[in-house]
Amino acid sequence: MQSESPVNPWYKEFWVWFILSILGFAVVLGLGLLVFATQHPPGLISDNYYDVGKGINTSLERETLAKRLQLKGSLVLNNDDGTARLQLSGNSKPQQLTLNLESPTQPERDRRVILLLQDDGSYFGQLQDIAEGRRFVELLGREGDSDWRLFEEEELQNRKPIQLGE
C-alpha cells in the first residue's frame, strides 16, 4: 500500500501568498504614484503652444536686435558678498538691465537681478542668495522702444566670468 502525503489547500501554501503579495504591493505602489502625480503636476509643461511659439519669435527678435547693436557682456557673480557685476560693450547703454538666472528644471531656483549703470560704465546688482550650478543666463535691456536679449547656458561658479553674446 502506498502512503499518500496530505495535500494542503491552496491558501495554506507559501508560494501562493508570496506571489499575491508581490502583485498587491505593485497595485498599492501604482495607486500611490497615481495620487502623487495628480497632486503634484509638472510645472514645465505648457498647455498653450501658440503663446509659447509667439514667445519664441519674440525672443529671436530680441536676440537679433542685440546682434545688430553688437552687444557683448562679461558677467561676474560674487557669492561671497552677493553681487553681480557686468561689463557691457556695444551700441546700447541703458540705465537699467534685468539679469535672469533660470534653472532648467527647478523653477523655484530662478533668480532675477536688477543691474544699474554705474559711473565707471559697468553695471552692478545685488544677488538675493547664492547662484551656482547649471543655469540659463538671460540679460534683458531696452534700446529706444525695442527690447534686446543676450542669452547663454552656463555652469555658474563663484567669481568665474561668464561671456554673453559670443
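Start in β4 and select Leu115: Leu97 has this residue as its bridge partner. Helices (H or I, at least four residues) and strands (E, at least two) are DSSP runs, numbered from the N terminus. Two strands pair if DSSP finds at least two bridges between them.

This is a predicted model, in which local features need pLDDT of at least 70, side-chain atom pairs count only at pLDDT 80 or more, and totals for chains, interfaces and linings use all residues. Residues are numbered from 1 along each chain as its sequence is written, and side-chain values use heavy atoms, with hydrogens and water left out.

**Stop 1**

Select residues 96-102, strand β3. Of its 7 residues, 5 are buried, so β3 is largely enclosed by the rest of the structure. Buried means under 20% relative accessible area, exposed over 50%, partly exposed in between (1.4 Å probe, protein chains only).

Pick Gln96 and look across to Leu116, its bridge partner in β4.

Turn to the β6 side of β3. Here 5 bridges join β3 to β6, again antiparallel. Select Glu102; Phe136 in β6 stands opposite.

**Stop 2**

The antiparallel strands β4 and β5 are joined by 2 bridges. They form a hairpin with 5 residues between them. Select Gly121 in that turn: its phi is positive, about 90 degrees.

Next, show residues 83-89 (β2) together with residues 123-126 (β5). This antiparallel pair has 4 bridges. Leu86 has Tyr123 in β5 as its bridge partner.

**Stop 3: the whole sheet**

Zoom out and colour by strand. The open sheet has 8 strands, in the order β7-β6-β3-β4-β5-β2-β1-β8, with antiparallel pairing. Which strands stand at the edges? They are β7 (146-156) and β8 (162-164). Each has a single partner strand, so one side of each is left without a neighbour in the sheet. Neighbouring strands of this sheet are turned by 25 degrees against each other on average, direction ignored. For such angles, axes are lines fitted to C-alpha atoms, for helices over the stretch in contact, and angles run from 0 to 180 degrees between N-to-C directions.

**Stop 4**

Select residues 133-143, strand β6. It is joined to β7 by 11 bridges, and the two run antiparallel. Arg142 has Asp147 in β7 as its bridge partner. The hairpin of β6 and β7 has 2 residues between the strands. Gly144 in the turn has a positive phi of about 70 degrees.

Two distance picks follow. First, Gly141, in strand β6. Is Gly141 buried or exposed? It is buried, with a relative accessible area of 7%. Its C-alpha atom is separated by 8.5 Å from that of Ser92, 49 residues apart along the chain.

Then Phe151, in strand β7. Phe151 is partly exposed, at 31% relative accessible area.

**Stop 5**

Keep Phe151 selected. It is one of the lining residues of the second largest pocket; the lining also includes Glu63, Lys67, Gln70, Arg149 and Glu166. On a 1 Å grid over the protein atoms alone, a pocket is an open set of points where a 1.4 Å probe fits, with protein on both sides within 12 Å along at least five of seven lines; lining residues have an atom within 4 Å of a point.

The space in this pocket is about 190 Å³. That volume is the space filled by probe spheres set on the points, which are joined across faces, edges and corners.

What supplies the lining? α2 (49-68) and β7 each give at least two residues. The largest share, 4 residues, comes from β7. By class, the lining has 4 nonpolar, 2 polar and 6 charged residues. Ala, Val, Leu, Ile, Met, Phe, Trp, Tyr, Cys and Pro count as nonpolar, Asp, Glu, Lys and Arg as charged, and the others, Gly among them, as polar.

**Stop 6: two loop residues**

Select Gln70, in the loop between α2 and β1 (72-78). Its phi is near 55 degrees, positive in a residue other than glycine. Gln70 is exposed, with a relative accessible area of 56%.

Move to Arg159, in the loop between β7 and β8. Arg159 is not a glycine, yet its phi is positive, about 65 degrees.
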